[in-house]
Amino acid sequence: MLVRSARTAVLLAALPILVLTGCGSPREKGEETPPASPASGTPQRGGTAVVSWIASPTGVNELTNQGTAITTEIIRQLFLQLVQEQPDFEQHPPTMAPQLARSFEWSPDHKVLTFHLREDAVWSDGVPVTADDVRFTWQAQTDPDVAWSSAFMKKNILDAEVVDPHTVRFHFSHAYAKQVQDVNEGVILPKHAWGKIPFSKWHDSSDWFLENLVVDGPFTIGSWQPQQDVVLVRNERYWRKDRPYLDKVVIRNTPDAASQMTQLFSGDTDFIPQVQPGDIARIKADPRLDVIGYWFRLYVSLVWNSHNPLFADPEVRRALTMAIDRQKIVDTVYPDGTGRVGVSPIVQSVWAFDQTLKPLPYDPAGARRILESKGWKDTDGDGILDKGGKPFAFTLISNAGNQQRNDAGVMVQDQLRKVGIRAEPRVVEFNSLVSQAVEGKFEAMIFGFQMDTSLDMTAQFGSKSTEDGNFGSYNNPEFDRLMVEAMSKPDIRDSKPILDRIQQILHRDQPVTFLWESQRLSVVNRRIHDVKPNVLFSLFNLEDWWAGPAR
Amino acid sequence: MIRFFLRRLAASLLLLYLVLTAVFFLIHLAPGDPAAFLLNDLRLPPEQQENLKRTYGLDRPLPVQYARWMAATLRGDWGRSFSYQRPVTQVIGDVLPATLLLAAAGLLVEQALGLALGIAAARRPGSATDHWIRIVALFLYSQPIFWLGLMAILLFSLVWPVLPAGHLRSIGAEDLSPVARVLDVLHHLFLPALVVGLATCGPVSRFVRGSLLDVLGQEHIRASRAKGLPESRVIWVHALRNVLAPLLQIFAVSLSSLLGGVIVVEVVFSWPGLGRLTFEAILSRDYPLILGTTAFSAVAILFASLLADLGHALADPRVRDA
């Protein structure tokens, strides 16, 4: 009786809440989707899109708010860069589309770069965007008190000279390949608004920047609810008067991937920037949803610590690669075909990839022959190769929370056992893995690296970069010399033969075993059109998104 | 009574100091460097890395960092979050109302269900009802709370879509009337509060059942029954009163497990509270924020324990004289 009473009480208490469901929230009723136009392929102005993101943004000043990708994504919608790198790097180096700068030109010695700014670009308070803002931004980016984490990219820039209100000239210490990328790193900030507080106070002023937000990008902040959602609304003073199409973009913080999927299927979310391959079948079965895949510039590799005598010999590392069936691993961890075997740090979707490179064959017998020639034999009959009384055994670490890499570790263990090598896979927390990597306290590990379009591989394989990314301590003076040579040419296209040679050297030496490259999979509700995420930004063309009848 | 209070207060403060110190050093002993998060980019030149560490005070020796942090904490300054670039107290203050709301609602469900199930089981010990309640209570208690949360979402948001799958409010809720906004929050609160309550009501129900059975066997209850009082009056008025004092104790103990459960539930339901903040702070090695959220939780639990002790002492003189 009492239980029945209690149950009734709970249900009664729930009643008004359940009744609400029938009303539906404004979003659920689809009120903000504009009515269908006669031509459903024609972009329409208005409407709201809901984007779901695992992490939450931390602020609006990219120089002091370090960290999450969503912070950067939002900031790129608020502020413009001088030019915008395009994702068209498959056939040639990426082009730079005009953004705040209408055009740019080089001096004959390639040490002075002049930008001509748009005259029609204004801040959201009506003040024109000028060369003073560009110089102010450079000063902030390089100020020690601001301590911007990407300040090192500005080290070769000697000055940002204001020629006139719409012309700014950057002076470099020397000519090299990444000059435009270095200048263009970072958005241009409003001097008249943010210059009111000294750089030394910037780290204490996160709220102040938000309260004194002045933007020149397509969107501005409508509301900022910590841990909940950030609402972007149209900046009415954006120089492209016909953009953005959407009135509002709600960026909801949903920290759990399973919850993200639930909200996608319940129609509460329109776009998720990254979903797991395992969810694709379910998503494709829903006619409201569309999957967008694009090759990511991330390669996952098995890093051999060459300080360990087991992995010091390039021939042995080749044998290890040949003993690992990478195709089988890729087919297993990417059963839907969204992965492929890696072969170079320059991934296959980038113009500079050496097309002549082919993955080393899966050849356990050949691997065993190489190992035997190096003195590795099973002398005690325990099934494990040994030399000088020491077995060929090591620990292979990968980071927790990444099922694909953890699964690959187990498969590697199984495959290496067939050639007489004992690999012990161990899953460690990501921060712990990074610590071990930086300190060189590991034997082998599965790690992912992302290459930018500068194609500078010094961090991953340079002999002086052992704490920066060359965790396996690969040391090859020829690589070092060629990399410097490739990066010193102002036009990276001229370095293609050198980049090919570098890739061939890495292929020969196998400082790492390249395991796979993969696609990143985004999902969008078909009622949102022209969504084109890419490797640069998931919200790359947010100003072009529009809401309308489902495709 | 005052002596009792002061003794308990001193013990609580000492415990708080030990907890904070332990957390400080444990965080720094854990693998992973906050600089790795701050620096974001492993390719940073060493001088840039040092510059950033200096900006955040991470270049000082650990004992110095500890002394500075403890001194600042005593002054009420809990430092500045690395990731949010805001005072920790402000960051916590922003999310605290959501956590308090969820914890209070979860506690309400836990106590109501625990009490109802415990009484129902005690009324007919050994009966089928008693067995079923025990099985259900043990089942709920033994399930990982995130699993319960996901199943609840699956059931009530997808299969039978009557409740939202997460978040504190609907998109566009700011355009609703104040009453509708409150109802909107309650609509979102229902499922996570139910999950928190369901996951933690098991021990309460077992405790209520055990205590009630003890009381029901006592002479004054038999006398009440012999007088012909209705059974409901015997239980609700005479027996339950004797169970409430020890229930207060278990309430304080369950607060810590409730807070633990809330952390997980907040992540599963995208609830913008202290638990999720702690979770994100740990992932990003945001030391000041981890210390701030831990210190806050410790203070809350110790404060609740202190209150429970006082309540118990007021109800039972033997406790304060012990």
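**Entry 1: around Val196(B)**

I looked up Val196(B) and, setting aside its neighbours within four places in sequence, found it in contact with Leu102(B), Gly106(B), Val109(B), Leu258(B), Gly261(B), Val262(B) and Val265(B). I note at the outset that this is a predicted model. Val196(B) belongs, together with Val195(B) and Val265(B), to the residues with the most contacts inside the largest nonpolar core, which has 71 residues. Two or more residues of this core come from each of helix H5 (88-123), helix H6 (128-142), helix H7 (145-159), helix H8 (178-216), helix H10 (231-268), helix H11 (274-283) and helix H12 (287-315) of chain B. H5(B) gives the largest share, 16 residues. Another core, of 70 residues, lies apart from this one and includes Val51(A), Val60(A), Leu78(A) and Phe271(A).

For chain B I noted an average pLDDT of 81, with 88% of the residues scoring at least 70, and for the model an ipTM of 0.72 and a pTM of 0.80.

**Entry 2: chain A as a whole**

I then turned to chain A, which has 16 helices and 21 strands. Its radius of gyration is 27 Å, close to the 24 Å that the globule rule gives for 551 residues, so chain A is as compact as a globular protein of that length. The C-alpha trace of chain A spans about 85 × 75 × 50 Å along its principal axes, and 44% of the 551 residues count as buried. Of the contacts in chain A between residues at least 6 apart in sequence, 67% join residues at least 24 apart.

Is strand E1(A) enclosed or open? I found that six of its six residues are buried, so E1(A) is largely enclosed by the rest of the structure. Thr48(A), Val50(A) and Ser52(A) point one way from E1(A), while Ala49(A), Val51(A) and Trp53(A) point the other way; in a regular strand the side chains alternate between the two faces of the sheet. E1(A) runs parallel to E10(A), to which six bridges join it, and Trp53(A) stands opposite Asn253(A) in E10(A).

Helix H2 (residues 69-78) of chain A has seven of its ten residues buried, so this helix too is largely enclosed by the rest of the structure. The buried residues of H2(A), among them Ile70(A), Ile74(A) and Arg76(A), pack against strand E1 (48-53), strand E8 (219-224), strand E9 (229-234) and strand E10 (248-253) of chain A.

**Entry 3: Asp268(A)**

Asp268(A) sits in the loop between helix H7 (257-265) and strand E11 (271-272) of chain A, and with 23 other C-beta atoms within 10 Å it is buried. Leaving aside its neighbours within four places in sequence, I found Asp268(A) in contact with Val50(A), Gln263(A) and Ala165(B). Asp268(A) and Asp325(A) are 57 residues apart in sequence and 42 Å apart in space, C-alpha to C-alpha.

**Entry 4: backbone details in loops**

A cis peptide bond, with omega about -10°, joins Arg243(A) and Pro244(A), and Pro244(A) is placed in the loop between E9 and E10 of chain A. His110(A), which is not a glycine, has a positive phi of about 60°; His110(A) lies in the loop between strand E4 (101-106) and strand E5 (112-117) of chain A, and with 15 C-beta neighbours inside 10 Å it counts as partly exposed.

How values were computed
Residues are numbered from 1 along each chain as its sequence is written. Chains are lettered from A and ligands numbered from 1 in the order in which they are written. This is a predicted model: local features need pLDDT of at least 70, side-chain atom pairs count only at pLDDT 80 or more; totals for chains, interfaces and linings use all residues. A nonpolar core is a set of buried Ala, Val, Leu, Ile, Met, Phe, Trp, Tyr and Cys residues joined through C-beta atoms within 7 Å. A residue is buried if 20 or more other C-beta atoms lie within 10 Å of its own, exposed if 12 or fewer, and partly exposed in between; C-beta atoms are placed from the backbone. Helices (H or I, at least four residues) and strands (E, at least two) are DSSP runs, numbered from the N terminus. Two residues are in contact if their C-beta atoms, placed from the backbone, lie within 7 Å. The radius of gyration is taken over C-alpha atoms; the globule rule is 2.2 Å times the number of residues to the power 0.38. pLDDT is the predictor's confidence in each residue, from 0 to 100. Two strands pair if DSSP finds at least two bridges between them.
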